[in-house]
Amino acid sequence: MANPYVPHPAVIKEIKTETRDTKTFRLEFLDENVKKAYQFKPGQFNMVGVFGVGEAPFSITSNPDEKEYFEHTIRAVGNVTNTIHKLKEGDILWVRGPYGRPWPIEEAKGKNILIVAGGLGLAPLRPVIYYIANHRDEFGHVEVLYGARTPLDMLYRSEMDEWRKIKDFTLRLTVDMVPEGVEWEHRVGVVTVLFEEMDSRPENTVVMVCGPEIMMHFVVKGLVERGFAKNQIYLSMERRMHCGIGKCGHCQIGSKFVCRDGPVFTFEEVEPLPDKIV
Ligand SMILES: Cc1cc2nc3c(=O)[nH]c(=O)nc-3n(C[C@H](O)[C@H](O)[C@H](O)COP(=O)(O)OP(=O)(O)OC[C@H]3O[C@@H](n4cnc5c(N)ncnc54)[C@H](O)[C@@H]3O)c2cc1C
Ligand code: FES
């Protein structure tokens, strides 16, 4: 987009309810030129605004090879997100982006990939799964470990059967607890319980992690204990944002701007930063 501050109108084409507080919005830019020029890489985010309310950053969660539309999976937590949840198909959102440093897809080519996600943290990793499915021969073994609070809090459950059909792809699931009456045939426990059965080994593997900071803390600790190097573990960080393009300092942690230098960082990069983020 020519001026990175200028948002463009995008129409909501489809809304899918994922969980009790989270929906996926399929959006399409109204301006054909903007639509044609728009391209994102897995892990990047858009600033999404509601006129008269405000704007907030959201990971782009759709297939990066899809040119007609893009998607955001949004949890209702406050002003902007609750307003977005009230919108209907045909309503307009104002979108600028894509911004930020993506997942290391190029570095991962020819290597194995281990993805570890918690809750909403699967949203920025879904485009990686699409990318792998579209370019399967470019990567080695792929393993996804995903944990959520309950089975009802898992994102993209209806897509998981398709994911399991991807060649040399393992999906392992766990939940913190199973409410009465809910069927569940996978593990129970925090996501690190899946380390006990994972196939991934440090050699020739790129690791991508996203979830609540407390979850990322224990995941990274467990991976380092298993011999994964700090520079082969990539994390996606969240901070309050305003400009989204490295100008205002809202998202600053030490010397890093999460919007511009991240949101994806190696653990080696974030470990020395102040306020002990992971
Ligand atoms: C790079 C990046 C990518 C993101 N991707 C996504 C995404 O894909 N989907 C998504 O739903 N969100 C995502 N977020 C978080 C999202 O930007 C915030 O949830 C949003 O800014 C909240 O705005 P609001 O106006 O609705 O809430 P506010 O009115 O600003 O906040 C209301 C209340 O919610 C709390 N709150 C705000 N944000 C969060 C949060 N993230 N988690 C829990 N409580 C919160 C506040 O502390 C406050 O108490 C991302 C953030 C970043 C930085
Ligand atoms: S949000 Fe303004 S510098 Fe990052």
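## A ligand between two domains

Let's start with the ligand: domain 1 (8-99) and domain 2 (105-270) both give residues to the shell around ligand 1, so ligand 1 lies between them. The domain bounds come from an automatic or database domain assignment. Keep in mind that this is a predicted model, where local features need pLDDT of at least 70, side-chain atom pairs count only at pLDDT 80 or more, and totals for chains, interfaces and linings use all residues. As for bookkeeping, residues are numbered from 1 along each chain as its sequence is written, while chains are lettered from A and ligands numbered from 1 in the order in which they are written.

Now for the shell itself. There are 21 residues around ligand 1, and Ala56, Gly78, Asn79, Val80 and Thr81 come nearest (a residue is near a molecule if its C-beta atom, placed from the backbone, lies within 6 Å of it). Strand 4 (54-59), strand 5 (70-75) and helix 2 (79-86) are the elements that give two or more residues to this shell. Strand 4 gives the most, with five residues. Helices (H or I, at least four residues) and strands (E, at least two) are DSSP runs here, numbered from the N terminus. By residue type, the shell around ligand 1 splits into eleven nonpolar, seven polar and three charged. In that count, Ala, Val, Leu, Ile, Met, Phe, Trp, Tyr, Cys and Pro are nonpolar, Asp, Glu, Lys and Arg are charged, and the others, Gly among them, are polar.

How do the two domains meet? The C-alpha centres of domain 1 and domain 2 are 21 Å apart. Across the boundary, 20 residues of domain 1 are in contact with 20 residues of domain 2, contact being C-beta atoms, placed from the backbone, within 7 Å. On the side of domain 1 that touches domain 2, strand 1 (8-19), strand 3 (45-50), strand 4 and strand 5 each give two or more residues. That side divides into seven nonpolar, eight polar and five charged residues.

Zooming out, the protein has eight helices and 15 strands. Its radius of gyration, 18 Å, is close to the 19 Å that the globule rule gives for 278 residues, so the protein is as compact as a globular protein of that length. The radius is taken over C-alpha atoms, and the rule is 2.2 Å times the number of residues to the power 0.38. Of the 278 residues, 39% count as buried: that takes 20 or more other C-beta atoms within 10 Å of a residue's own, whereas 12 or fewer make it exposed and anything in between partly exposed, with C-beta atoms placed from the backbone.

Next, the inside. The largest nonpolar core has 70 residues, of which Val207, Met208, Val209 and Leu235 touch the most other members. Domain 1 and domain 2 both give residues to this core, so the core lies between them. Such a core is a set of buried Ala, Val, Leu, Ile, Met, Phe, Trp, Tyr and Cys residues joined through C-beta atoms within 7 Å. Beyond its neighbours within four places in sequence, Leu235 is in contact with residues including Val209, Phe265 and Val278.

Pro263, in the loop between helix 7 (258-261) and strand 15 (264-266), is buried, with 26 other C-beta atoms within 10 Å. Arg164, in helix 5 (residues 160-164), is exposed, with 11 other C-beta atoms within 10 Å.

Key: Contact = placed C-beta atoms within 7 Å.
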